[in-house]
There are 2 protein chains.
Amino acid sequence: MEAEKYRKGSFTLPGEAGYEGLTLKLAEKWGADVIRDSDGTKLSSEIVDAGYRIYSTICIIREHNAFALAHPETQQQTFLISERVLAESSTVVIPLLDGYFTEQFEVNSSEESIKYWQVYDRTTEKEIPREKWSYANGKVTVEDITPWHHYTVSFLCWRVWEEINMYNHTTNHWTSEHLRQLDPRHPLAWEYLKEWLNNWCVDNPQTNVIRLTSLFYNFVWIFGADMRCRNRFTDWASYDFTVSPAALDAFRDEYGYALSAEDFIHQGKLQVTHMPPSKAKVDYMDFIQRFVALKAKELVEIIHKHGKEAYVFYDDSWVGMEPYGKYFPTVGFDGLIKCVFSGFECRLCSGANVPVHELRFHPYLFPVGLGGLPTFMEGGHPEKDAMDYWHHVRRALMRQCVDRIGLGGYLHLTEEFPEFVDTIEQMGIEFRKLKELHEHGAPLTLPCTVTVLHSWGALRSWTLSGHFHETYMHPLIHINEALSGLPVEVRFVSFEDVRKHGIGNTDVVINAGHMGDSWSGGEAWKDDALVTELTKFVHRGGIFIGVGEPSAVKGYATLFRMADVLGVDKDLGERVCHGKWTFEEKEVDGITVCRDALAQDKQIYLTDGKACVLAAANGIPQMTIHSFGKGFGVYLSDFKVSANSTRMLLQILTLGMQNKEEIKYISDSPYVDVAYFEDERTLVAASVASEKVATKIQTDQGIIELVMEPHEMKICRL
Amino acid sequence: MEAEKYRKGSFTLPGEAGYEGLTLKLAEKWGADVIRDSDGTKLSSEIVDAGYRIYSTICIIREHNAFALAHPETQQQTFLISERVLAESSTVVIPLLDGYFTEQFEVNSSEESIKYWQVYDRTTEKEIPREKWSYANGKVTVEDITPWHHYTVSFLCWRVWEEINMYNHTTNHWTSEHLRQLDPRHPLAWEYLKEWLNNWCVDNPQTNVIRLTSLFYNFVWIFGADMRCRNRFTDWASYDFTVSPAALDAFRDEYGYALSAEDFIHQGKLQVTHMPPSKAKVDYMDFIQRFVALKAKELVEIIHKHGKEAYVFYDDSWVGMEPYGKYFPTVGFDGLIKCVFSGFECRLCSGANVPVHELRFHPYLFPVGLGGLPTFMEGGHPEKDAMDYWHHVRRALMRQCVDRIGLGGYLHLTEEFPEFVDTIEQMGIEFRKLKELHEHGAPLTLPCTVTVLHSWGALRSWTLSGHFHETYMHPLIHINEALSGLPVEVRFVSFEDVRKHGIGNTDVVINAGHMGDSWSGGEAWKDDALVTELTKFVHRGGIFIGVGEPSAVKGYATLFRMADVLGVDKDLGERVCHGKWTFEEKEVDGITVCRDALAQDKQIYLTDGKACVLAAANGIPQMTIHSFGKGFGVYLSDFKVSANSTRMLLQILTLGMQNKEEIKYISDSPYVDVAYFEDERTLVAASVASEKVATKIQTDQGIIELVMEPHEMKICRL
């Protein structure tokens with residue numbers, strides 16, 4: 001039996017009206033100190049009065065349908081682009097909403113909206129002058145144009161179904177009224193919302209913490225009419241749903257230049273977070289972030305006035321309130337709650353500048369989970385899912401802890417899954433033990449600072465945009481996940497940061513992405529000073545790790561701007577007549593190659609033949625180490641996270657450490673993560689293996705040998 | 001026993017001194033009417049006087065070592081680029097020839113050479129002013145530069161080993177003197193060469209045909225010092241070996257602008273034929289083509305003056321004399337000889353504007369063949385190689401015949417390979433039968449004209465640059481090989497042709513290549529008029545076949561400019577957040593999908609969901625047909641030539657034919673090619689299958705049923 005102190009506290013339970021007994025029983029079993037409601041649920045007084053602190057969930061812009069219908073002009077909007085229509089003569093008629101889900105969108109054909117519309121000849125990418133087109137009945141007619149070109153209209157429309165509600169309806173077959181959403185930029189809506197929140201606080205004196213889900217603007221989620229392409233577009237970090245004629249006017253007044261529809265539509269590609277932002281987008285994001293922070297601050301002040309605390313859930317309507325954004329600390333939130341599948345999400349939460357950090361674990365207590373797979377229903381294994389996520393998260397908690405954990409959803413669904421109930425109990429105990437250790441000081445870190453370099457820098461620390469399963473195709477999320485549990489310092493730096501301040505005090509720089517994307521950097525690599533700075537950094541002893549298509553940009557002798565440092569480059573066809581260096585795979589002392597992590601890129605070649613090839617596929621280098629001055633350039637054609645690839649990454653990170661004796665408190669098994677809390681002389685080892693693992697750990701007190709049960713966490717006082 | 005007329009004539013035999021008996025025996029067996037010498041061989045009088053016509057091989061610029069050593073300034077040159085050298089301070093020293101094979105190159109450090117040299121900062125891609133660098137002892141020292149940048153020198157050097165001789169030495173372990181080569185642009189060399197040729201003609205009255213191998217400038221072939229990268233660069237159609245200060249000066253005087261080293265070096269990538277040419281390259285090629293044609297004409301006139309004929313071998317030193325070039329017909333050659341592995345090479349020869357077309361078959365009578373594999377030595381199977389090539393070539397000969405065939409090399413090597421000797425005899429008989437049929441009129445062609453659209457147009461008809469095995473990575477060579485034996489009209493058109501004249505009268509347009517290469521077209525697709533012309537062409541009933549990355553260029557809404565016509569596009573990451581259309585594979589009547597011909601491209605997506613997917617891989621479309629107006633856009637992610645893929649291509653080509661009854665004289669087996677000679681009412685069927693094949697052929701006289709033995713050719717009078 002674990003000590004009582006590990007059995008209670010720091011746990012947020014989702015209560016459920018109608019299941020009061022269950023709620024209180026599980027609150028006891030899981031050691032909850034807080035009970036919350038969830039989207040679409042309401043706690044009963046038996047729960048509220050049971051002596052727990054109470055969180056109440058509020059999605060501030062939603063559930064005001066009466067107001068929205070009375071004042072439709074206060075609803076949120078977005079730009080959309082019509083289908084591309086071929087002109088078979090000098091006139092073309094373009095239906096605007098064809099292909100879109102008309103339960104989500106309605107054309108905003110008001111005068112202030114139409115002034116922002118644009119008609120484009122997409123064959124020439126030239127805008128058609130306003131006098132050549134007119135709108136009527138959902139269609140734009142364009143005249144006096146070149147036949148056999150394709151044309152589009154970019155237009156504003158109302159978003160008449162709040163997207164999370166729309167998702168829940170369409171996924172979980174909800175039949176309730178479609179909820180609408182208000183734009184806080186509209187003065188009428190804003191006054192209404194503040195008053196509504198004030199009244200809510202008055203009406204709910206028992207609530208201790210208002211859990212905002214989240215703020216105002218949802219990530220971009222565009223549905224299509226055809227079930228063959230229902231999901232037309234999803235970007236968890238795009239700002240397109242913040243737009244309105246009022247926002248555009250305000251931006252123009254402040255910045256002295258106007259944004260056009262094309263700044264958002266971008267030839268129909270939209271402004272994807274995975275691509276480097278334009279100058280206009282950077283400005284617009286700052287503009288929105290300030291607006292969101294100012295408005296959020298007003299809400300927090302209302303909440304505080306009523307003696308309640310304001311926690312914010314970082315998902316759904318979170319656009320503009322990135323926890324590592326410039327204005328986030330100015331809001332005055334009392335807590336940040338992050339739902340987590342992965343270690344990087346834990347680090348994202350634990351590192352944010354806010355008093356309380358809380359994780360909401362998965363699975364959500366819902367019948368179906370990711371991709372519509374069964375969770376709390378027949379065929380589901382929620383206990384297994386929970387443990388899988390926990391093992392990812394636990395590694396990260398060992399590095400940097402949070403203050404609280406919890407769950408969300410419908411509690412009654414757990415009744416059929418007693419193993420899940422036991423699993424959560426054990427998770428709570430492990431969490432509280434880790435938390436206690438962190439309270440006495442941070443764990444030991446290797447003398448190794450790792451800089452992750454991409455277009456967004458700190459703003460997109462740890463995450464790319466959304467969860468792992470949404471961004472798995474980007475090598476950087478794998479790198480971030482691996483890093484989240486490694487005993488190194490990690491910082492996220494933008495190209496702009498390097499331009500202003502140099503690469504700074506770091507041992508390793510990682511650039512991981514596909515050519516032209518935000519993570520590789522695209523045009524940013526046209527900055528000669530950046531290349532020079534990093535070349536010098538490596539020559540003087542640094543390590544540059546390039547993954548996928550690092551530093552790739554066209555226009556230079558090599559596709560990878562860091563090719564001279566890496567000793568490899570990628571040929572897109574220009575070198576088809578050049579001979580390629582032959583090579584033999586070689587082993588490098590201290591590096592255990594994890595081939596499964598790598599790609600089978602057919603276009604990588606050795607630049608000067610001097611890079612050491614650790615792994616090749618079909619005769620093409622996939623992993624190389626290249627001595628460059630006193631440092632190293634390391635190339636990986638891809639990086640897929642696993643215990644073995646994470647270990648390989650750690651070995652690469654410490655390649656440059658002169659004093660190898662400093663590398664201690666590392667298990668000799670890649671399956672066992674170790675954190676050493678020096679002040680307490682306590683070592684935590686945690687296994688991610690589903691089999692028993694015997695391991696040795698070098699410590700200041702000599703080698704410790706441990707036998708770890710599957711997924712076991714051990715705490716050893718040295 | 002075949003009729004005597006098929007047993008003799010139209011055959012060129014390589015004679016060999018010391019093997020006179022064998023020579024005359026094989027001349028009889030193979031039905032030769034001509035005996036030739038080969039590179040490095042000389043015929044004896046017993047052969048020369050045996051009553052055969054005599055070809056004598058002359059490589060005009062080679063085998064003048066005494067003159068070259070006396071006048072080293074008359075030798076040929078090239079630009080090279082040094083290695084990229086990192087500047088660790090404000091001075092950097094760059095050795096010029098490091099990494100190059102110094103038996104091939106010597107620095108030309110004359111004043112007129114150095115004025116064309118360039119030093120580049122390759123980090124910034126800016127030229128370093130002349131006053132900052134100096135040359136001495138094979139090295140350039142650059143001063144007052146930015147540290148931590150990489151620098152290169154582009155310089156001129158002499159080519160002191162003729163490349164074909166160099167290849168033969170290094171491949172076949174020749175030990176004779178290294179042959180040098182003269183530049184006909186040098187007046188001293190030119191006067192010498194003309195006089196030499198005149199004398200040669202006087203000294204060799206028995207020669208009927210001078211077989212030029214080929215003219216002046218070899219394709220570019222740069223050797224490296226390190227055996228790990230011996231072949232630094234090979235481009236069978238590059239003009240870099242034509243360069244010299246004199247050529248550059250003459251160009252500047254004529255064109256009014258000067259070419260720089262960088263026009264050739266191109267950041268170290270050189271000017272590859274597989275990439276679209278710059279304006280400067282187009283000008284320079286025209287300049288060289290005129291020069292080559294003028295000089296060649298002078299040589300031909302000398303040859304004619306002596307009552308001899310001048311045939312030119314199209315390989316080796318052929319640069320500037322492309323048979324489909326503007327100036328080729330002005331030279332006055334009497335014959336064109338092409339060595340052939342493939343059908344497309346046969347069409348290249350047979351379609352050229354010259355009196356006599358001759359094929360030199362492979363294998364060459366040499367101990368080793370392609371890639372150093374054994375041919376006429378232990379482990380070799382020359383009879384099998386010969387038949388493999390013949391089956392490719394025979395298809396093409398059925399469509400358009402040549403006048404002569406022959407062999408080259410050392411005849412005595414055949415002695416150990418009697419099966420080879422019999423095989424050649426049979427090939428000769430089949431060839432003469434085909435030739436006879438063609439003499440009575442061309443075979444029937446379907447009412448289908450196919451336009452292959454790329455950067456080079458007619459200049460690179462049929463070939464890309466070199467043989468199939470050198471260009472197999474380009475889908476277009478597979479397409480060309482397939483087309484070489486299909487009963488359709490084929491024309492090769494450049495983007496410039498379309499700009500000037502429109503797409504013209506054609507049924508099908510094919511664009512096949514990788515993004516940015518000559519065959520796809522790269523920047524040429526920024527021409528809106530081109531896109532408009534082809535869009536209209538398809539909408540009105542044409543077929544556009546896109547293979548690989550057709551019409552791909554960045555900067556537009558779609559990567560493929562013809563995406564609206566094709567119904568598919570390729571996503572390079574910008575659409576990672578866009579939903580993709582789901583689909584089911586469908587069959588299309590009359591199309592037999594050959595999946596082996598296709599790639600497994602991961603980035604193709606349906607644009608509007610309307611294209612019919614005939615084949616997918618891992619859920620991604622690889623072959624689609626998209627109705628567009630009255631026409632079709634057809635997408636193939638790749639095209640690898642085979643009997644089945646060739647048949648599939650024919651089915652696509654005829655997709656638009658309204659009157660399907662016109663599609664006749666086609667075998668129902670993809671392994672059997674058919675040509676119908678209407679005037680003779682004669683049908684030729686030839687099998688490429690190594691098994692027996694039963695097939696039916698629709699003719700005007702009803703269905704003919706044939707049973708074809710492996711590789712059999714049948715001639716049927718209807």
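This dialogue walks through selected features of a predicted model.

Q: What should I know before reading the model?
A: The model is predicted: local features need pLDDT of at least 70, side-chain atom pairs count only at pLDDT 80 or more, and totals for chains, interfaces and linings use all residues. Residues are numbered from 1 along each chain as its sequence is written, chains are lettered from A and ligands numbered from 1 in the order in which they are written, and side-chain values use heavy atoms, with hydrogens and water left out.

Q: How many residues of chain B are in contact with chain A, and what is the area buried between them?
A: The size of an interface is often given as the accessible area lost when the parts come together. Here, 54 residues of chain B are in contact with 54 residues of chain A. Contact means heavy atoms within 4.5 Å. The buried area is about 5000 Å², and carbon and sulfur atoms give 55% of that. Buried area is the accessible area (1.4 Å probe) that two parts lose on being put together, summed over both.

Q: What is the count of salt bridges and of residue pairs in polar contact between chain B and chain A?
A: Side chains of opposite charge can pair when their charged atoms come close. A salt bridge is a side-chain nitrogen of Lys or Arg within 4 Å of a carboxyl oxygen of Asp or Glu. Four salt bridges run between chain B and chain A. One of them joins Glu574(B) to Lys269(A), with the closest N and O atoms 3.4 Å apart.

Q: Which elements of chain B give two or more residues to the side that touches chain A?
A: They are β15 (231-235) and α17 (528-539) of chain B. Helices (H or I, at least four residues) and strands (E, at least two) are DSSP runs, numbered from the N terminus. α17(B) gives the most, with six residues. The residues on this side of chain B divide into 17 nonpolar, 20 polar and 17 charged.

Q: Which strands pair with β11(A)?
A: Two strands pair if DSSP finds at least two bridges between them. Strand β6 (residues 92-95) of chain A runs antiparallel to β11(A), joined by four bridges. There, Val92(A) stands opposite Val142(A). Strand β10 (residues 133-136) of chain A also pairs with β11(A) in the antiparallel sense over four bridges. In this pairing Ser134(A) stands opposite Thr141(A). The hairpin of β10(A) and β11(A) has two residues between the strands, and Asn137(A) takes a positive phi near 55°.

Q: Is Ser10(B), with its positive phi, buried or exposed?
A: Buried means under 20% relative accessible area, exposed over 50%, partly exposed in between (1.4 Å probe, protein chains only). Ser10(B) has a phi of about 60°. At 11% relative accessibility, Ser10(B) is buried.

Q: Which parts of chain A does the salt bridge of Glu549(A) and Lys570(A) tie together?
A: The side chains meet at 2.8 Å, N to O. Glu549(A) lies in the loop between β23 (543-548) and α18 (563-566) of chain A, and Lys570(A) in strand β24 (residues 568-570), so the pair ties together parts 21 residues apart in sequence. Glu549(A) is buried at 15% relative accessibility. Lys570(A) is buried at 8%.

Definitions and conventions: Ala, Val, Leu, Ile, Met, Phe, Trp, Tyr, Cys and Pro count as nonpolar, Asp, Glu, Lys and Arg as charged, and the others, Gly among them, as polar.
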